[in-house]
Amino acid sequence: MTGTKYDQDKPRLAEMIIDFKEPLLELCKVWEFGAKKYSKSNWKLVENGKDRYTNALLRHLIAEEDKLTDDETELLHSAHIAFNALARMYFILKEREDER
């Protein structure tokens, strides 16, 4: 006897995490730095979050042209870019939810 599980059309998170494990570990370092510097999940409380994380993303993108790592954190600018992109997306999704 075999069981049934209807998950064909559901996100396959584990596979994505395995494929991106190294970049996600770098992203986690940025998240941890921010959680220690400010507080855990403080980023969600930032006013005008979408605009501010967009600007932060672009600053890191420009800075990466000169140096791969951020001076303050010594972490990859690309990891900061990824964090800021996710934070920005969080605010976009929140805006969309609020409009409903």
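Good morning. I begin with helix H3, which has 15 residues and reaches 21 Å from its first C-alpha to its last, close to the 21 Å expected at 1.5 Å a residue. Please keep in mind throughout that this is a predicted model.

Which residues of H3 are buried? They are Gly49, Tyr53, Ala56, Leu57 and His60. These residues cover an arc of only 100° around the axis, and therefore they sit on the same side of H3. As for what covers the buried residues of H3, the cover includes H4.

His60 has its place in helix H3. Is His60 buried or exposed? Its relative accessible area is 13%, and buried means under 20%, so His60 counts as buried. Leaving aside neighbours within four places in sequence, His60 is in contact with Asp70, His77, His80, Ile81 and Asn84.

The last residue in that list deserves a view from its own side. Asn84 is placed in helix H4. With a relative accessibility of 6%, Asn84 counts as buried. Which residues does Asn84 touch, if those up to four places away in sequence are not counted? The answer is Tyr53, Ala56, Leu57 and His60.

I turn now to the aromatic residues. The structure holds six aromatic pairs. One of them is formed by Tyr53 and Phe91, and this pair is stacked, with 6.0 Å centre to centre and 15° between the planes. The pair links distant parts of the chain: Tyr53 belongs to helix H3, residues 49–63, while Phe91 belongs to helix H4, residues 77–99, and the two are 38 residues apart. Both Tyr53 and Phe91 are buried.

Phe91 has another aromatic partner to discuss. Tyr90 and Phe91 form an edge-to-face pair, at 5.2 Å centre to centre and 85° between the planes. Why is this pair called edge-to-face? The angle between the planes is 85°, and pairs over 60 degrees count as edge-to-face, so the name applies. The two partners may also be described by their accessibility. Tyr90 is partly exposed, with a relative accessible area of 27%, whereas Phe91 is buried, with a value of 10%.

Next, the packing of helices. In general, two packed helices are described by the angle between their axes and the distance between the axes. The axes of helix H2, residues 21–37, and H4 come within 8 Å and cross at roughly 75°. The angle therefore makes H2 roughly perpendicular to H4. Which residues meet where H2 and H4 come together? From H2 there are Glu26, Leu27, Val30 and Trp31, and from H4 there are Ala79, His80, Ala82, Phe83 and Leu86.

Lys37 is found in helix H2 and, at 41% relative accessibility, counts as partly exposed. Lys37 and Phe83 are 46 residues apart along the chain, and their C-alpha atoms are separated by 15 Å. For the other distance, consider Phe20, in the loop between helix H1, residues 13–19, and H2. Phe20 is partly exposed, at 46% relative accessibility. Phe20 and Asp66 are also 46 residues apart in sequence, and in space they are 25 Å apart, C-alpha to C-alpha.

Finally, I come to the backbone in two loops. Most residues other than glycine have a negative phi, and most peptide bonds are trans. Where does Ser41 lie? Ser41 is in the loop between H2 and H3, and its phi is near 65°, a positive value in a residue other than glycine. At 29% relative accessibility, Ser41 counts as partly exposed. Glu74 lies in the loop between H3 and H4. Glu74 also has a positive phi, of about 60°, although it is not a glycine. With a relative accessible area of 64%, Glu74 is exposed.

Thank you for your attention.

Notes. Residues numbered from 1 in each chain as written. Predicted model: local features only at pLDDT ≥ 70, side-chain atom pairs only at ≥ 80, totals over all residues. Heavy atoms only, no water. Phe/Tyr/Trp six-rings, centres within 6.5 Å; stacked < 30°, edge-to-face > 60°. Helix = DSSP H or I, 4+ residues; strand = E, 2+ residues; numbered from the N terminus. Buried < 20%, exposed > 50% of the residue type's maximum accessible area, 1.4 Å probe, protein only. Expected span 1.5 Å × (residues − 1). Arc of directions from axis to C-beta. Contact = heavy atoms within 4.5 Å. Axes fitted to C-alpha atoms, helices over the stretch in contact; angles between N-to-C directions. Parallel < 35°, antiparallel > 145°, perpendicular 65-115°, else oblique.
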